[in-house]
Amino acid sequence: MNRQAQAAVLFLLGASLLHAATTDLYLRYVKQGLRPLVLVSGAVLIAAALATAWYERKRARSRKQAQAQARHPVAEHPDAKNAHAEHSDAEYSHPEPRISWLLVLPLLALILVAPPALGSYSATRTGTALQEPLAYPDLPAADPLPLNVVDYAGRAVYDHGRTLHDRRIQLTGFLALDRDGTPYLVRMALNCCAADAQPVKVALTGQVPPVLQPDTWLRITGTYTPRRTKDPVNGGPIPFIEVTEAKPVAEPTDPYDESWNG
């Protein structure tokens, strides 16, 4: 792979990052707050590619001029001619291995394939990552009250549901089934990127749909219940919610939950 090809790969990679950052594709890889860094990275890669292409074009012109001078040589010392020939031989005698073109495959995967968000497979094999909230902000008077899974779970476990009593609550997440068949409503919480995503789970009881398909996204309405269970993976606390209504919904644009880290 010569430098022109390397420049082309850099350009395509930078363009792919810019495409991901100007659409919602980047949310499959990193949290929303990192969008500016993805944009900057794409711009830097494109700038590097253009600089490399310009340098190689300039170098090619110099090479042509040297070849033209070689066709019409001026009197030159024999040692200088030999040194020039040795330099030319050294410059062109080390072609890059063709296997280096395999570096293009991950790039094509990035361009052509949008990876699915982490789902029930990861959730049932990873313990709940619920953390105690630093504070419990006042909740609006909406009915039903829309909360994210992380917020509900934190209030239900660590605040013992004090702010949730006598409220109809609405949660959205995907379904995961425990080994014993217990249904969970789950959101994967992010610190930085999808590689560090961890599940936060709320167990469902009450009017749960009789047929449950893992990874189905649901919007459930229910009420707080003090019932809890332990995560079979790490023993972490999992609160329940008493379901009164459940509806399938489309997967949200941003399937990850970033609320626990601001």
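This is a predicted model: local features need pLDDT of at least 70, side-chain atom pairs count only at pLDDT 80 or more; totals for chains, interfaces and linings use all residues.
# Chat about a buried strand and a buried lysine

Reader: Which strand should I look at, and why is it called largely enclosed by the rest of the structure?

Author: Take strand S3, residues 183-189: seven of its seven residues are buried, so S3 is largely enclosed by the rest of the structure. Buried means under 20% relative accessible area, exposed means over 50%, and partly exposed is in between (1.4 Å probe, protein chains only). Strands (E, at least two residues) and helices (H or I, at least four) are DSSP runs, numbered from the N terminus.

Reader: Ok, back to S3. Which residues point which way?

Author: Pro183, Leu185, Arg187 and Ala189 point one way, while Tyr184, Val186 and Met188 point the other way. In a regular strand the side chains alternate between the two faces of the sheet.

Reader: Which strands does S3 pair with?

Author: Pairing here means that DSSP finds at least two bridges between two strands. S2 (residues 169-177) runs antiparallel to S3, joined by four bridges, and Phe174 has Val186 as its bridge partner in S3. S4 (residues 198-206) is also antiparallel to S3, over six bridges; there, Tyr184 is partnered by Ala203. S7 (residues 256-257) pairs with S3 in the parallel sense over two bridges, with Tyr256 as the partner of Met188.

Reader: What's going on in the hairpin of S2 and S3?

Author: There are five residues between the two strands, and Gly181 takes a positive phi near 90 degrees.

Reader: Switching topic: is Lys201 buried or exposed?

Author: Lys201, which sits in strand S4, counts as buried because its relative accessibility is 2%.

Reader: What is Lys201 in contact with?

Author: With contact meaning heavy atoms within 4.5 Å, and leaving aside neighbours within four places in sequence, the list includes Ala123, Thr126, Tyr184, Val186 and Asp231. A polar atom of the Lys201 side chain lies 2.9 Å from the backbone oxygen of Ala123. That side chain of Lys201 also reaches the backbone oxygen of Thr126 at 3.0 Å.

Reader: And which salt bridge does Lys201 make?

Author: Its side chain meets that of Asp231 (2.8 Å, N to O). Lys201 is in S4 and Asp231 is in the loop between strand S5 (217-230) and strand S6 (237-248), so the pair ties together parts 30 residues apart in sequence. Both Lys201 and Asp231 are buried. A salt bridge is a side-chain nitrogen of Lys or Arg within 4 Å of a carboxyl oxygen of Asp or Glu.

Reader: How many salt bridges are there by this rule?

Author: Five. One of them joins Asp143 and Arg168 (3.2 Å, N to O). Asp143 is exposed, with a relative accessible area of 57%, and Arg168 is partly exposed at 38%. Another is Glu245 with Lys247, whose closest N and O atoms are 3.4 Å apart. Glu245 is partly exposed at 35%, and so is Lys247 at 48%.

Reader: Last one: how many helices and strands does the chain have?

Author: Six helices and seven strands. Of the 262 residues, 35% count as buried.

How values were computed
Residues are numbered from 1 along each chain as its sequence is written. Side-chain values use heavy atoms; hydrogens and water are left out. A polar contact is a pair of N or O atoms within 3.5 Å; within protein, one must be able to donate a hydrogen and the other to accept it, and residues adjacent in sequence count only if both atoms are side-chain atoms.
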